[in-house]
Amino acid sequence: MYDDIKVNYVGENCYSLEIGDYLLVFDYCNGILNIPDDKKTIFFATSNKDGHYTQEILKLFDMANFSYVLSSDIAYDKGEGNVIYLNDDGLSVEKLKDLYKKKNVIFINPAERYKINKDIEISTFACEESGLSFLVKIFDFTIFYTGESVFFDKGEESTGFINYLYEIFEREGEVDLGFFPIRTDGGVESFAYPKSFIEIFNPQIFFPLNIDEDFEMSKEFSASFTENPTDVRSIDEDNQEFEIDMDDWE
């Protein structure tokens, strides 16, 4: 079905993954993104916040050939039951109406499941006022991607969030690839939550998010896990590529 998985750290909070016939792109907002002609491309956006989403992904010349799984806060607020215009930089009402009619654009809320083709099942989660977390099951492979880190803006671990992670684990089990912030939205280094994430979900490979070009912090976090069975990767630069050989996969 597939021999390897190619992971590319695009920049900001964005990674792309090539797996089988698919290219999965999470939280693209800027940077160099190479889209192979022979892949079915799916864009995911965990939030409408800066660093997690750009309207440019909806303006691609061959948009009809792509799929979009977007956090519902990108499209609307539920004010008096109506779809309303978000802000001056948001999508126009006309554009929103057009997007809602498209079968390849999915606006998704927390605690929902959605299938794309026969190969991909998507589950969504959210804690308090944070953006979405995506759990993506593709073929026999499971990816957990959490974009925003607003839920630990003080850098201090909370029992509520740990319970939230355990609740997801009890329903979904371990994951193969984990993507999780190692820095708060306030710019503070915070290793407690990603360590808890790794201990609970036991991903085979972990990639850091919310680095904000602080590649040394990424290396520091990776070095703290040398005795852990999870392979914690560090980032050296934008558009860094990683190749996961499935022949070596346990």
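Predicted model: local features only at pLDDT ≥ 70, side-chain atom pairs only at ≥ 80, totals over all residues.

Q: How exposed is E216?
A: Its relative accessible area is 53%. The cut-off for exposed is over 50%, so E216 counts as exposed.

Q: Where do K219 and E216 sit along the helix?
A: Both are in helix α4, residues 215–223. They are 3 residues apart, so about one helical turn separates them.

Q: How many salt bridges does the structure hold?
A: The count is 7.

Q: Which residues are joined into one network by shared partners?
A: R113, E121, K137 and E172. Within that group, R113 bridges to E121, with the closest N and O atoms 3.3 Å apart. E172 bridges to K137, and there the closest N and O atoms are 3.3 Å apart.

Q: Where are E172 and K137?
A: E172 lies in helix α2, residues 159–172, and K137 in strand β11. The pair therefore ties together parts that are 35 residues apart in sequence.

Q: E172, K137 and E121: how accessible are they?
A: E172 is buried, at a relative accessible area of 13%. K137 is partly exposed at 27%. E121 is partly exposed too, at 26%.

Q: Switching to rings. How many aromatic pairs are there?
A: The count comes to 22. One of them is F44 with F134, an edge-to-face pair. The centres are 5.2 Å apart, with 65° between the planes.

Q: Why call F44 and F134 edge-to-face?
A: Because the label applies to planes over 60 degrees apart, and theirs are at 65°.

Q: Which parts of the chain does that pair link?
A: Distant ones. F44 is in strand β4 (residues 40–45) and F134 in strand β11 (residues 133–138), 90 residues apart.

Q: What about F207 and F242?
A: Another edge-to-face pair, 5.1 Å centre to centre and 70° between the planes. F207 lies in strand β14 (residues 205–209) and F242 in strand β16 (residues 240–245), so parts 35 residues apart in sequence are tied together. Both F207 and F242 are buried.

Q: Which residues form one aromatic cluster?
A: F125, F144, F169, F180, F191, F197, F201, F206, F221 and F225.

Q: Backbone now. What is phi of F139?
A: Near 55°. That is a positive value in a residue other than glycine.

Q: Where is F139, and how accessible is it?
A: F139 is in the loop between β11 and β12 (141–146). It is partly exposed, with a relative accessible area of 24%.

Q: And N210, what is its phi?
A: Near 55°, again positive in a residue other than glycine. N210 is in the loop between β14 and α4.

Q: Is N210 buried or exposed?
A: N210 counts as buried, because its relative accessibility is 9% and the cut-off is under 20%.

Definitions and conventions. Residues numbered from 1 in each chain as written. Heavy atoms only, no water. Phe/Tyr/Trp six-rings, centres within 6.5 Å; stacked < 30°, edge-to-face > 60°. Helix = DSSP H or I, 4+ residues; strand = E, 2+ residues; numbered from the N terminus. Buried < 20%, exposed > 50% of the residue type's maximum accessible area, 1.4 Å probe, protein only. Salt bridge = Lys/Arg side-chain N within 4 Å of Asp/Glu carboxyl O.
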